[in-house]
Amino acid sequence: MRRAALALSLLAAAPAFADSTLPAAPLANTQLPDPVLEAKAQALMVTLRCLVCQGQSIADSDAEMAGDMRALVRQRIQAGEQPAQIRDWLVARYGDYVTYDPPFSLLTAPLWIAPLALIAIGLWLARACFRRRRR
Amino acid sequence: MIAEAGLAALWLAAALAAMQVVLAAIGVRRVLAAPDDESALTTDLIGAVRPVAIVQGALAALAMAMLIAVFLRSDMSVLLVAENSHSEKPWLYKFAGAWGNHEGSMLLWVTILGLAGGAVAIFERSLARATLTATLGAQALIALGFYAFLLFASNPFARIEPAPADGQGLNPLLQDPGLAFHPPTLYIGYVGISVAFSFAVGALVARDVGPAFARAMRPWVLGSWIFLTLGITAGSYWAYYELGWGGWWFWDPVENASLMPWLAATALLHSVTVLATRDGLRAWTVMLAVVAFSMSMIGTFLVRSGILTSVHAFAVDPTRGSFILALLVLYIGGALALFATRVGTVRVGNTFDPVSREGALVANNLLLSVILGVVLIGTLYPIIAAGFGVQLSVGPPFFDKAAGPVALLLVVVMAAGPLLRWRRDGWRALTSRMAVPGAAFAIGLVALLAFGRGVALLPLLGLALAAGLAVASVAPLWRRNLLRTPLFTWGMVVAHLGIAVSLAGMAAESAFTKQTLVAARVGEPLQVGPYTVTLKGISPVIGPNWSALEAHLVARRGDAPAIVLRPQSRFFTNPVTVTSESAIATRWDGQVYTVLGQIDPSGRVQLRLWWKPFVTLIWLGGALVALGGALSLFGRLLRERRARRRVEAEAWA
């Protein structure tokens with residue numbers, strides 16, 4: 001039992017474990033009761049960046065801020081908001097950095113056009129190595 | 001003394017690398033000026049390059065051995081050991097900790113590079129002497145840059161005065177058996193590609209781009225590709241169980257850094273086959289070798305510089321990143337310049353019909369290059385945007401949308417390719433050969449649409465295509481004498497089947513995973529997929545250099561024997577960190593994945609539970625791909641040896 005108490009006190013003291021002493025929001029680590037809504041929330045959470053982490057989505061981070069954002073997303077989904085609205089709200093607040101799905105704009109146009117452009121260039125290059133079929 | 005011996009070995013190796021470059025440069029010049037020159041000076045110059053390359057590799061290995069020795073002895077007077085090790089660490093992590101840091105990992109890089117150069121010098125017998133010498137010269141030039149980097153910017157053997165009483169410890173996330181295998185495997189892959197690159201440079205310098213060069217390069221491409229495959233597969237599984245959220249691929253910059261060389265190497269592997277068998281795609285193959293090496297350099301740069309934030313990054317150092325960036329620009333720029341000046345001398349290889357084995361391999365190369373381009377642009381785009389003062393993130397949604405459809409198209413080409421004849425084939429013949437795989441695809445699609453409710457489009461197509469590809473990949477063995485089928489054909493079949501297996505795993509995981517996140521009380525039954533999981537209790541555990549809280553979970557499904565799972569939350573003191581150790585139970589049809597989270601004041605325990613059907617297929621498929629590569633490699637080497645014996649026998653007759 002002393003060992004347990006020791007381990008517990010060590011855990012409580014660990015800074016990485018708990019960023020603050022406040023308990024996590026209820027929906028940070030628990031799911032919505034409605035599986036359809038939860039799936040919707042989950043699909044959105046994997047595309048949102050945890051702003052204080054080393055490149056993790058809020059759906060798979062232990063950081064307290066990720067937990068808060070998960071709670072926020074679940075609450076808003078439960079209140080009937082659409083994922084796109086929530087994303088827009090977060091982008092308005094934190095900038096494009098928060099979404100892993102960069103919105104189409106003048107700056108991101110090259111990024112989104114790249115796959116098609118690459119295929120076109122590739123086809124043009126590949127044409128040279130084919131022989132014309134004789135008729 | 002051990003550290004000083006290591007440093008001396010490193011300096012000597014660097015000096016030999018410099019000598020190797022000079023000897024090779026003069027020798028190749030003389031041979032190219034007068035190809036029949038058999039004078040004593042020329043032969044001596046050329047003859048000296050091989051032994052120098054071998055000794056250089058041995059000295060680099062000696063330096064690495066010395067570094068491992070100071071880590072094993074916990075010699076805290078060495079700065080690197082003091083900063084990254086701790087005397088109470090288990091020996092495996094002292095050993096592997098030698099490369100769990102920036103300097104050590106770079107030393108491992110050049111060690112493998114040096115050993116690979118030595119291996120080329122010992123084993124390569126079929127290439128023309130000018131090409132081989134130029135290859136070894138190029139290899140030494142690459143090594144020289146990295147020796148300079150180690151000696152001037154990141155000396156692993158620097159001492160610290162006074163020596164601290166003990167070290168600062170290793171990042172606990174790295175304290176895992178994975179560290180012992182994952183980085184060396186990936187580095188062997190990266191460095192193997194540098195050998196392919198050196199062959200390409202050698203062939204360009206000696207104006208010798210043809211089937212002989214392709215056959216000499218192929219085992220190295222295959223070998224490094226096998227290691228890259230293993231490294232990525234193992235790394236993915238390591239991240240899967242270590243990060244504790246059930247994800248196995250995050251499209252993270254560091255993952256992309258290992259994926260890009262793999263994509264380039266895969267393309268190279270297929271184009272080098274066209275060059276070796278049909279003498280086609282000459283310039284393209286050389287270009288791909290340059291691209292593949294560039295990708296492994298960019299990968300090293302991205303990982304080592306920390307320019308992009310990554311969940312897997314460790315021991316990054318931005319100031320040294322600029323040194324690697326300079327090397328990167330120098331090598332890639334130099335190679336591209338050489339390519340541009342010499343590509344005119346590379347004659348156009350054989351051409352072929354669009355509907356042919358070559359045509360399918362060109363499509364393979366095209367699609368792999370597009371995926372590579374998408375991954376590269378997506379990975380670097382945040383840096384470019386930051387240059388315009390905009391902070392943005394490019395992540396899984398982009399890569400899934402942009403690379404996913406191309407990858408699925410590639411799967412279709414992959415199913416058809418091995419069923420096509422070389423040079424020329426017909427659409428009608430292909431359609432009849434694709435009938436059975438096509439039926440497998442259609443059955444899979446219909447079954448999923450009927451029974452798998454709400455499966456998203458990409459996983460749906462992924463599963464159906466995996467079924468079709470699995471059938472198509474074994475089709476080349478149909479009606480063949482299996483004992484007489486060459487080993488490299490078996491290799492192709494197994495590797496392609498591995499891709500089908502892996503694809504099925506990825507799609508199944510994404511389509512059917514069940515997740516349960518709860519704050520649980522002891523004794524309360526929890527449902528995840530087909531399992532009922534009960535928390536029996538929490539108890540403390542003491543490990544060699546950590547203490548932990550351990551949950552005791554019992555998972556039941558129907559009448560099957562109960563599974564006991566013990567996920568832990570580990571607390572490390574050196575340095576102070578908490579990690580979640582997931583507990584995973586593997587069954588034939590999937591994995592139960594459990595993680596212990598926080599305990600809230602009311603005594604409820606945070607648990608994360610997943611049921612992941614067929615997730616293990618992802619890594620099983622990866623292992624099959626690597627096995628296929630190994631079969632191909634042995635098949636090729638055996639055939640080459642037999643051919644050489646035959647030539648020798650004829651020479652004697």
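What share of the contacts in chain A with a separation of 6 or more comes from residues 24 or more positions apart? The share is 52%, where a contact means two C-beta atoms, placed from the backbone, within 7 Å.

This is a predicted model, in which local features need pLDDT of at least 70, side-chain atom pairs count only at pLDDT 80 or more, and totals for chains, interfaces and linings use all residues. Residues are numbered from 1 along each chain as its sequence is written, and chains are lettered from A and ligands numbered from 1 in the order in which they are written.

Select chain A. Five helices and zero strands are found there; helices (H or I, at least four residues) and strands (E, at least two) are DSSP runs, numbered from the N terminus. Of its 135 residues, 30% are buried (20 or more other C-beta atoms within 10 Å; exposed is 12 or fewer, partly exposed in between).

Move to B:Leu281, in the loop between helix 9 (253–278) and helix 10 (282–305) of chain B. Its phi is positive, about 55°, although B:Leu281 is not a glycine. B:Leu281 is buried, with 28 other C-beta atoms within 10 Å.

Finish at B:Pro162, in the loop between helix 6 (129–153) and helix 7 (177–205) of chain B. The peptide bond from B:Glu161 to B:Pro162 is cis, with omega near -5°.
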